[in-house]
Amino acid sequence: MKSGYSGLTPVQLTGLFLGIFGLILPFLLPLGSLSFAGQIGLGIFLMAAVFWMFEPIPIYATSMLVIFLQIVLLSAQGPMFMDAKLPSAEPVQLQEHTWQIPTRALKDDNTVLVITEPGKTEAVRVDVVERNGQHVIVRSEELSSDRAIVTDTGHRLVNYRPNSYTDYIGTLANPIIILFLGGFMLAEASVKYNLDKNLTRYLLSPFGSSPRFIILGLMLVTAALSAFMSNTATAAMMVTVILPIIAQLEPGDRFKFGLALSIPVAANIGGIATPIGTPPNAIVIAALTEYGKSISFTDWIIVAFPLVIVMLVFAWWLLLAFFPPSVDKFNLDMKGKINLSPKAIGLYVIFGATVLLWVTENQHGIPSSMVAFLPVAALVTGRILTKNDIRNLPWDVLWLMAGGISLGIGMDKTGLAVWMISGFDWGAMGYITLILAFGLVAVAMSNFLSNTVTATLLMPLVISLHTSGVMGDSFNLLITGIVIAVACSLAMALPISTPPNAIAMSTGIIRTKDMAKVGVIIGAVGVMLVLAYAVFYWPLVTN
Amino acid sequence: MERSDIYILCIEDEQEVLDAVVRDLEKLEEQFPVETANSAEEAREVIEKLLDDGKKVGLILCDHILPGDNGVELLIELHKDERTFASRKVLLTGQAGLDDTVKALNEARLHHYIPKPWTREDLLEVSVSLLTDFVIDEEDNILPYMSTLDAERISESIRTRRSISDE
């Protein structure tokens with residue numbers, strides 16, 4: 001969130017230079033085993049991380065820049081790898097088990113790289129017999145004259161097979177992005193026809209006029225809406241609901257703090273409940289799907305919903321404990337009338353059908369991303385959304401997620417992710433400690449960074465812990481991924497933590513210290529709860 | 001409260017009246033710096049200087065009877081200038097006749113007419129409402145204005161225009 005009105009702040013300017021420095025840094029340091037492509041990948045990763053942290057450019061711009069740099073620097077069609085061919089030759093047999101190979105084919109550790117399949121090599125140990133300038137004579141039982149060896153072991157294609165650039169730009173049409181597109185269009189139409197406000201009015205009415213239950217009602221409705229709509233739009237809408245209530249309170253009444261905090265807290269937590277609730281979920285689901293651990297809409301709800309309910313009730317209790325109500329009764333008078341125009345009714349039908357198909361994915365088996373195209377097509381076919389409405393969609397968020405997914409692909413593909421985890425003895429840590437550590441790191445990071453960015457930076461590590469197998473059999477990729485997604489949404493200690501927090505803080509009603517107090521407790525209790533779910537509940541409902 | 005680059009311009013030839021207007025706008029001044037001018041000519045200079053510095057004129061409170069060009073003429077001129085077209089324009093006067101007022105309404109798209117004498121509450125309410133319109137129409141990031149201006153309308157604008165998205 002940019003705080004200034006114009007120009008770059010000193011912090012942003014620092015970030016700009018640090019980020020550019022990060023891009024070239026891997027080429028200035030001896031990084032040992034990291035491949036050339038891995039060095040490029042590390043440069044892009046460092047630049048993106050710094051840009052996302054300091055925001056010298058908007059975070060969606062960083063995402064687009066990531067994709068641009070990847071297609072130019074890492075793709076098979078980019079100038080770096082366009083004409084590149086891995087130099088190789090068959091070894092020349094002198095006698096049985098004695099071979100003559102080019103000097104540059106022999107690595108410093110006396111191994112030779114045998115090409116097993118395109119883009120893949122295997123290191124084979126050899127005994128050096130004699131060196132004579134251009135060639136080396138070696139003894140080995142594993143070399144053979146029909147298997148080519150790499151004749152330049154320092155070449156940039158060693159252990160790297162570049163992706164087509166279409167893999168990187170294609171992330172914008174990743175199924176999870178399409179799922180979000182469907183959600184965004186439903187949300188856009190809901191706002192246009194005031195479905196969100198009218199639903200709020202109806203859903204709040206059973207909660208009566210007691211302040212305690214009004215807060216509970218506000219939190220449940222906020223969470224329910226933000227599970228399907230943007231957390232930010234929901235929070236903005238609910239702020240318009242609570243401002244008139246707060247105006248009824250005495251100026252010094254502390255209950256207003258609780259009331260104003262209930263909205264961002266519930267909006268942040270509500271995003272956890274469904275795959276489309278909040279962008280970090282998308283980053284995690286996309287990465288899991290890439291490694292064969294796809295999770296259906298239904299399964300996500302089974303996993304997340306019980307956690308959301310417990311967190312909401314806890315947060316409700318916490319807010320009431322800190323800021324007890326001072327009056328017995330509130331007047332919650334929401335004006336408005338349900339829109340019954342044909343287009344609005346069309347929206348209600350499409351909305352209902354889509355949500356129904358989403359939550360019953362396990363029963364009918366149609367992937368949620370396919371279902372997401374129902375609202376996409378139906379809302380424009382029925383002219384419920386027009387050209388201007390489509391232009392108004394949060395495309396920046398789709399690009400932000402696409403860039404995050406793309407960065408993950410690059411980190412995995414270049415071997416960077418595995419290299420990054422290689423310096424640490426993860427196996428000694430134990431699975432439960434690992435989950436706890438990831439949860440705490442995710443909450444801590446996303447209090448300062450965008451939730452999506454946090455998920456983007458952490459997911460490649462989770463994936464490489466899985467692919468490298470260093471954690472052994474106890475490691476559960478799916479559950480660790482879910483821990484990351486949930487923990488990213490539990491960060492709400494600062495105004496900059498999430499846009500709903502920023503909106504609530506901007507009303508001028510809350511003090512930063514109240515937000516911090518409530519946010520830190522929710523974050524800490526939340527991570528413990530996530531750990532408990534990850535150990536006792538999630539293994540039962542996932543496979 | 002951080003100073004924004006949106007200015008309030010008060011144009012009034014009587015110094016005591018001008019001081020009174022500025023005093024009444026004190027609550028807004030922390031975020032919206034107030035500039036003053038005693039004549040249409042001086043107002044033009046102030047506006048040129050502000051625009052040259054990359055600032056914006058959000059609200060113009062203008063008396064009618066001024067030395068040289070009168071207030072209505074000035075507002076019409078500013079309405080025609082694309083750089084001050086979006087500025088919210090208020091005629092704060094006791095002396096504009098019906099003809100002048102109608103002219104201001106039709107040709108300068110006057111946003112509000114405050115008859116003298118005014119009350120502080122009225123002046124603040126009108127200024128807050130017009131500045132809210134201005135920031136909603138003109139600013140990308142409207143969050144910093146929420147606590148000073150109309151929070152309900154700014155939230156509603158975030159909801160409908162999606163100027164802030166989930167990250």
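## Strand pairing in chain B

Strands β1 (residues 6–11) and β3 (residues 56–62) of chain B run parallel and are joined by six bridges. The model is predicted.

## The sheet

β1 and β3 belong to an open sheet of five strands in chain B. The order is β2-β1-β3-β4-β5, with parallel pairing. Which strands stand at the edges? They are β2 (34–37) and β5 (112–115) of chain B. Each has a single partner strand, so one side of each lacks a neighbour in the sheet. From one strand to the next, the twist averages 20°.

## Helices on the sheet

Helix α4 (residues 71–80) of chain B packs on the sheet. This helix touches β1, β3 and β4 (88–93) of chain B. The direction of α4 makes about 180° with that of β4(B).

Helix α6 (residues 120–138) of chain B also packs on the sheet. Its contacts are with β1, β3, β4 and β5 of chain B. The direction of α6 makes about 150° with that of β3(B).

## Contact between chains A and B

How many residues of chain A are in contact with chain B? The count is 30, against 19 residues of chain B. On the chain A side, the elements giving two or more residues are α8 (231–247), α17 (395–413), α20 (451–468) and α22 (499–506). The largest share, eight residues, comes from α8(A).

By class, the side of chain A that touches chain B has 15 nonpolar residues, 13 polar and two charged.

How values were computed:
Residues numbered from 1 in each chain as written. Chains lettered and ligands numbered in written order. Predicted model: local features only at pLDDT ≥ 70, side-chain atom pairs only at ≥ 80, totals over all residues. Pairing = 2+ DSSP bridges. Helix = DSSP H or I, 4+ residues; strand = E, 2+ residues; numbered from the N terminus. Axes fitted to C-alpha atoms, helices over the stretch in contact; angles between N-to-C directions. Contact = placed C-beta atoms within 7 Å. Nonpolar A, V, L, I, M, F, W, Y, C, P; charged D, E, K, R; others polar.
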